[in-house]
Amino acid sequence: MLGPLLTVMIFQAALVYGMFFLLGITEEIEGNAFDNLAETTESKREQFERDMKQLWGNLGDFSDVVNTKLSGIIAVRLEEGDGEPSVAEIIDELTQSVSGDLVRLLRRNYATGAFLILNGEDGAEARQGLYFRAIDPIGDMNGNQGITIMRSPAGFSGLPDGIWPDPLWEPDFTLEPGDPASAFYYRPFAAALSSPGSPPGALGYWSPPFVLGGEGSGGQDRVITYSEPLMFNGLPYGVFGVEISEAHLESRIYSARLNLVAESGYGLMLGERPEGGGRSQSLRPVIMNGPFLKQSYVPDQDISIVMEDSDLPRPEDIYSITNLDSPKTVYAVKRELELYPDGSPFADEQWSILGIQSEDALLGFSKQINTLMMTVLLASMAAGVIGIVLVANMITTPIRELASQLRSTDPNGKIRLDKLAILEIDELSESIETLSEKVADANRKLADILEMAKTAIAVFEYNDRHTNQIIYTKQFAELIGLPESDGSTMKIPEFIKAVRKLKLVKESVQEPRRDYIYRTSGTGKPVWVRLLLAKGKNSLTGVITDVTREMEELKRLEYDRDYDILTDVYNRRAFHHIVSGHFSEPEKLGVAAVVMLDLDNLKNMNDTFGHDYGDKYIRLTAANLKKFGSEQTVVARLAGDEFIVFFHGYSDKSQIRAICDMIKNSMGEAALLLPDGTKAAIQISAGIAWYPDDSESCEELIRFADFAMYTVKKTNKGQFKEFDIGFYNKHSYLLYSRKELDLILEKELVYYLFQPIVDASTGDVYAYEALMRPMGETIQSPAALIALAQAHSRLGQIETLTLFKALEAFVKLPGIYDSGLKVFINSIASQKLTQDEEKLLEGYYGRYLDRVVVELTEGERNDEAMTKEKLDFMRAHGQELAIDDFGVGYNSESLMLKYQPDYIKIDMELIRNIHNDPNRQSLAKNLIKYGKTAGIKMLAEGVESFEEMEYLIKAGIDLLQGYYICRPMNMPPTSIPALKEEIRRAANGEG
């Protein structure tokens with residue numbers, strides 16, 4: 001009688017014990033916790049390595065710029081014949097000339113500071129140089145707001161506009177050998193001395209945190225720096241670099257994901273690389289994040305980490321921290337930052353990210369699960385034992401008959417006993433039935449716990465000492481793709497047949513455990529399951545879990561990583577990865593080609609029918625390219641309207657040329673149905689570069705194909721052109737200029753200065769003219785930008801950029817809203833905003849549009865219909881019109897009569913030296929007289945002396961502008977008191 005009950009009890013205990021202990025469910029949960037910590041730490045490592053190497057540590061060609069200017073200074077001094085210039089003179093001129101470049105480096109690298117330190121003449125501890133600081137490294141890029149200068153030579157006059165000395169300014173750098181606060185200078189300088197001829201980038205150095213001037217300098221932040229040596233003729237003469245403040249580093253290391261977890265944090269650490277892969281290491285904290293870490297860290301003490309023993313779920317990855325001020329065990333995951341190139345003299349200095357969690361935060365969930373499962377197990381067993389003891393105390397003869405009935409009852413189902421009409425026996429029967437229900441209830445509790453864990457789990461057991469069947473739990477059939485069944489047992493052959501129908505994806509054997517991943521589609525939808533088996537001497541226990549979500553997420557991540565979301569062809573990253581793999585086996589490439597393709601009329605499609613139709617146009621192009629896909633073809637979309645195709649493994653060029661002809665014909669035959677009922681055929685231009693004839697380098701072939709495509713775009717669109725090395729050598733500069741133009745337009749790399757325009761009768765500031773300043777490497781003037789944009793048919797984008805960025809800068813001027821001052825903005829007569837752009841401009845700056853004066857350059861030939869639409873928009877918003885550069889073009893009078901402007905800006909060529917030139921005086925008087933008659937305000941540009949201003953005032957000019965009035969500034973004055981007095985003197989002839 002006791003046997004069946006004990007069997008049920010032992011079976012339940014074995015299931016729970018086997019699942020949570022023998023099969024390692026607890027270890028899996030703990031392992032997931034460690035994996036999550038490692039994942040978040042790796043993500044933060046990737047972020048910091050990207051920031052430190054590609055952003056802050058990418059100093060570009062700044063050293064070349066400084067060397068070029070240094071060479072020029074020395075050459076000029078020598079030509080003047082005054083003998084060799086002194087070091088002090090060279091330092092003074094060099095710091096004057098590179099200050100603007102250093103500010104641009106500060107802004108470009110989004111750093112909190114940038115510095116240049118020169119070694120000087122005698123190597124004394126005090127050194128000359130420049131040091132700029134930015135309040136907000138990611139703030140407004142227009143102008144120099146928020147930038148101060150911390151170090152500059154006494155009497156330094158090369159300070160860029162808008163930058164002022166910091167309250168902690170000093171004339172030089174005090175650098176002491178051996179002082180940690182001076183390592184950012186001495187270490188790269190010493191490395192350059194010991195490695196003559198090495199490029200500066202190979203000698204770059206990341207410093208530990210320090211305070212410029214020492215800890216007692218007052219009010220300064222701790223910073224880290226990246227510095228490289230300045231080298232001339234193979235010898236170092238200084239150091240330059242950028243700083244990143246501790247506060248900015250802390251904002252970058254902050255993680256909402258990890259900080260949601262109590263007793264967690266990140267640390268940016270610095271330490272020596274352990275020799276021989278040691279298991280322990282001391283790390284110096286650079287910055288730490290998280291309240292727990294900050295509270296438990298002992299100030300000014302290195303953090304000691306020790307690799308944990310192998311009984312942890314991920315022993316090869318986990319460290320414990322031994323010297324935090326916390327009674328709890330604290331675990332950490334370390335991820336190293338690869339900051340230095342191979343062969344760097346500082347390669348032994350190891351920067352790393354430390355992800356930290358206390359044991360309670362990391363393993364608390366698994367402990368809760370263990371406690372809950374043990375409670376359920378003990379409660380169930382206790383209830384069973386009590387029932388068995390009660391039954392044992394009531395043994396009578398009829399119980400043997402009941403025992404016989406029990407032997408024939410399935411112990412895994414509900415037990416129902418016949419009533420014997422004997423009160424005691426019937427009560428015993430009812431107790432046994434109740435006990436059976438309790439066992440079933442224990443099963444339900446187990447199922448509920450598994451459901452609470454949001455994980456589909458099934459358990460089965462086979463023991464050949466008792467039966468030729470396996471016993472399984474509720475979700476077993478569903479997980480392996482069998483029809484639903486009310487049963488809980490299955491014959492061994494049926495089980496083997498069901499498992500063999502599954503598709504094995506992955507297998508791992510570590511006796512006595514075996515781990516399998518299967519894929520099944522028995523229910524119609526693909527399902528992935530993990531089968532964990534534990535073999536005993538005469539038994540087999542298994543756990544099946546649903547890992548569909550993890551497998552689908554893995555596949556989705558792989559797809560998102562490699563495929564363009566719009567066109568379903570490879571993206572840029574995947575293309576370079578795949579093609580690089582082919583180039584690693586050049587013997588298999590045969591004849592190959594890179595074909596760069598660009599849609600000719602996508603912009604017109606977007607402007608006319610909207611971006612939805614532009615996207616359809618791009619997808620149609622991709623669909624046609626995919627028709628030519630094969631094992632010898634790789635098709636990808638690089639960006640926007642650019643595609644690239646790589647052909648490989650052919651025996652001669654004619655085969656690839658034939659495919660290119662088919663692609664061209666297919667594109668011409670494909671058409672997109674447009675909203676107006678017409679069809680638009682695909683027109684595409686392409687460039688072809690050949691392997692190995694043109695190059696054996698993948699990157700060079702892509703660049704050559706791009707140049708060939710660019711040549712087609714500028715000459716005969718819609719053709720496929722093969723690369724010509726002679727033509728490339730002669731004209732490749734056009735492509736690089738186009739790249740810089742694209743970068744300026746895409747990143748909006750312009751800023752604005754404002755030059756006051758004053759009333760000639762009162763001296764009051766009447767308006768400002770917004771003057772664009774491009775921030776390109778070679779394109780640094782508005783004229784160069786417009787000329788290049790015109791050559792590449794990009795004037796429309798210049799017009800849009802000008803209006804939006806000029807107004808953006810204008811409305812940020814202090815007090816501008818209540819001042820009533822106007823703003824003169826240059827405009828391209830042949831270009832206008834689209835309707836969508838006009839609405840956007842109205843939404844952003846509607847309240848300021850009636851204060852805009854649009855300047856049209858009278859020397860431009862323009863599209864009259866386009867200009868009329870521009871004027872209609874202006875007049876609708878109360879804007880005024882000015883004719884710019886009047887008097888030096890080909891149709892001044894016709895433009896004045898046609899457009900009836902509100903202002904005429906007399907060109908500076910007519911103003912220059914007007915007080916001594918009767919011809920200029922005659923022209924100016926006639927223009928001013930006409931303006932008075934026609935009600936047009938006359939504005940004199942380029943006034944550069946008191947005598948010019950005095951003559952113009954007496955001649956009756958309305959408005960004045962020029963360097964004598966005020967230079968362009970990022971924060972122009974609203975009043976110029978000294979100028980008012982000079983205008984009064986000029987009007988009264990007191991000059």
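**View 1. Helices α22 and α24 approach with their axes within 11 Å and cross at roughly 5° in this predicted model.** Angles under 35 degrees count as roughly parallel, and α22 and α24 are therefore roughly parallel to each other. On the α22 side, the contact is formed by Thr800, Phe804, Leu807, Glu808 and Val811. On the α24 side, the residues in contact are Glu837, Leu840, Leu841, Tyr844 and Tyr845. Sorted by class, this contact of α22 with α24 comprises 7 nonpolar, 1 polar and 2 charged residues.

**View 2. Helix α15 (residues 572-583) packs with helix α19 (residues 698-715) at an angle of about 125°.** The axes of α15 and α19 lie 10 Å apart. The two helices, α15 and α19, are therefore oblique to each other. Helix α15 contributes Phe575, His576, Val579 and Phe583 to the contact, while α19 contributes Cys698, Leu701 and Ile702. The contact of α15 with α19 contains 6 nonpolar residues and 1 polar residue, with no charged residues.

**View 3. The largest cavity has a volume of about 160 Å³.** Rolling a probe the size of a water molecule over the atoms shows where empty space is left. In this model, 4 cavities of 30 Å³ or more are counted. The largest cavity is lined by 15 residues, and those nearest its centre are Leu803, Lys870, Phe873, Met874 and Gln879. Two or more lining residues come from each of the elements α22 (795-811), α24 (835-845), β33 (852-857) and α25 (864-876). By class, the lining of the largest cavity consists of 9 nonpolar, 2 polar and 4 charged residues.

Note on methods. Residues numbered from 1 in each chain as written. Predicted model: local features only at pLDDT ≥ 70, side-chain atom pairs only at ≥ 80, totals over all residues. Heavy atoms only, no water. 1 Å grid on protein atoms, 1.4 Å probe; cavity = no way out; pocket = protein on both sides within 12 Å on 5 of 7 lines; lining within 4 Å. Points joined across faces, edges and corners; volume = space filled by probe spheres on them. Helix = DSSP H or I, 4+ residues; strand = E, 2+ residues; numbered from the N terminus. Nonpolar A, V, L, I, M, F, W, Y, C, P; charged D, E, K, R; others polar. Axes fitted to C-alpha atoms, helices over the stretch in contact; angles between N-to-C directions. Parallel < 35°, antiparallel > 145°, perpendicular 65-115°, else oblique. Contact = heavy atoms within 4.5 Å.
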